Amino acid sequence: MSSSSQSFVSRSVIKNVFAKLQREGDGAVVRRGISRSEQKLLDPFLMLDEFSVSPPAGFPDHPHRGFETVTYVLEGGITHQDFKGHKGTIYAGDVQWMTAGRGIIHSEMPEEEVNKGLQLWINLSSNEKMIEPNYQELSSSDIPKADQNGVQVKVIAGESMGIQSPVYTRTPTMFLDFTLHPGAQFHQKVPESWNAFAYVLESGEGGAVFGSSNSSPVSAHNVVVFGQGNDGVSVWNKSSSKKLRFVLIAGEPIGEPVVQYGPFVMNTQAEIDMTIEDYHYSKNGFEMAKYWKSQ
């Protein structure tokens with residue numbers, strides 16, 4: 001899905017957001033790249049956190065309803081347990097794509113001394129918010145990879161360089177992990193109606209340039225929000241010595257009202273009130289809440 005620069009018209013950059021450090025869970029530190037103010041620009045995406053957590057800190061037992069979480073481990077490992085008996089550890093390069101649907105209570109705890117990664121929250125349409133929970137898990141070796149002209153890509157969801165991810169996305173989504181060597185450039189096609197953004201993980205000084213080759217460079221830990229339309233997204237690594245690594249994430253907008261109360265995301269306040277009641281009284285998807293605690 002790349003194209004030559006001669007025929008490719010890139011989306012422009014409409015906003016940069018620096019992901020500031022904040023505390024989450026029990027002693028964990030995150031950089032929040034997408035928050036409430038970006039949600040309207042980036043429908044169907046609700047949140048992006050770059051997390052860093054070391055024992056004994058973590059994300060102990062907590063609920064979700066109405067959306068999906070995508071956890072991509074960059075370093076270390078994260079052990080997940082939920083009240084339906086699903087348990088496992090994902091390590092560096094692995095992905096867990098969790099559909100919370102009508103209700104999950106789970107814990108996410110660090111496995112090693114240093115544990116880093118990304119967690120993306122993707123909204124579900126109103127007719128899928130109350131489906132049964134589901135998981136798709138890919139080890140690093142299961143994620144398709146390609147390499148051309150100094151550009152490497154890991155295709156977590158969607159398609160790039162003619163290779164496609166096996167992940168099924170209920171809300172059509174692209175999630176690509178790119179590494180560009182110094183001097184490399186790439187042009188990634190994105191469906192015209194989809195919203196798209198990049199998150200810069202690593203960059204040399206002046207290296208990460210998006211949209212147009214004369215755009216201002218972007219530093220690490222920035223979310224780059226693109227306008228809609230045109231062929232897709234262009235990027236250049238203008239650093240003379242350091243690699244550029246970023247994730248490019250895009251998705252089809254749902255176009256429905258979003259009412260969020262912490263880990264619950266529904267369409268109306270009445271549905272949020274019902275969700276709080278369901279969780280409090282352990283019903284309608286949260287039945288196991290009264291019996292379960294993570295180990």
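At 46% relative accessibility, Glu-132 counts as partly exposed (buried is under 20% relative accessible area, exposed over 50%, partly exposed in between, with a 1.4 Å probe and protein chains only). Glu-132 forms a salt bridge with Lys-84, with 3.9 Å between the closest N and O atoms (a salt bridge is a side-chain nitrogen of Lys or Arg within 4 Å of a carboxyl oxygen of Asp or Glu). Glu-132 lies in the loop between β11 (115-123) and β12, and Lys-84 in the loop between β7 (77-82) and β8 (87-91), so the pair ties together parts that are 48 residues apart in sequence.

The model is predicted: local features need pLDDT of at least 70, side-chain atom pairs count only at pLDDT 80 or more, and totals for chains, interfaces and linings use all residues. Residues are numbered from 1 along each chain as its sequence is written, and side-chain values use heavy atoms, with hydrogens and water left out.

The count comes to nine salt bridges. One of them joins Glu-38 and Lys-15, at 3.3 Å from N to O. Glu-38 lies in helix α1 (residues 36-39) and Lys-15 in strand β1 (residues 13-18), so this pair ties together parts that are 23 residues apart in sequence. Helices (H or I, at least four residues) and strands (E, at least two) are DSSP runs, numbered from the N terminus. Glu-38 is buried at 4%, whereas Lys-15 is partly exposed at 28%. Arg-170 and Glu-68 also form a salt bridge, with 3.8 Å between the closest N and O atoms. Both Arg-170 and Glu-68 are buried. Glu-24, Arg-32 and Asp-49 are linked in a network of salt bridges.

Strand β17 (residues 173-180) is mostly covered, with eight of its eight residues buried. Thr-173, Phe-175, Asp-177 and Thr-179 point one way from β17. Met-174, Leu-176, Phe-178 and Leu-180 point the other way. Strand β14 (residues 151-157) runs antiparallel to β17 and is joined to it by six bridges (two strands pair if DSSP finds at least two bridges between them). Ala-157 has Phe-175 of β17 as its bridge partner. Strand β23 (residues 244-251) also pairs with β17 in the antiparallel sense, over eight bridges. Here Leu-180 stands opposite Leu-244.

Seven strands form an open sheet with antiparallel pairing, in the order β2-β3-β4-β11-β6-β9-β12. β2 (20-24) and β12 (134-138) stand at the edges, each with a single partner strand, so one side of each is left without a neighbour in the sheet. β2 pairs with strand β3 (residues 28-34) over five bridges, in the antiparallel sense. Gln-22 stands opposite Val-30 in β3.
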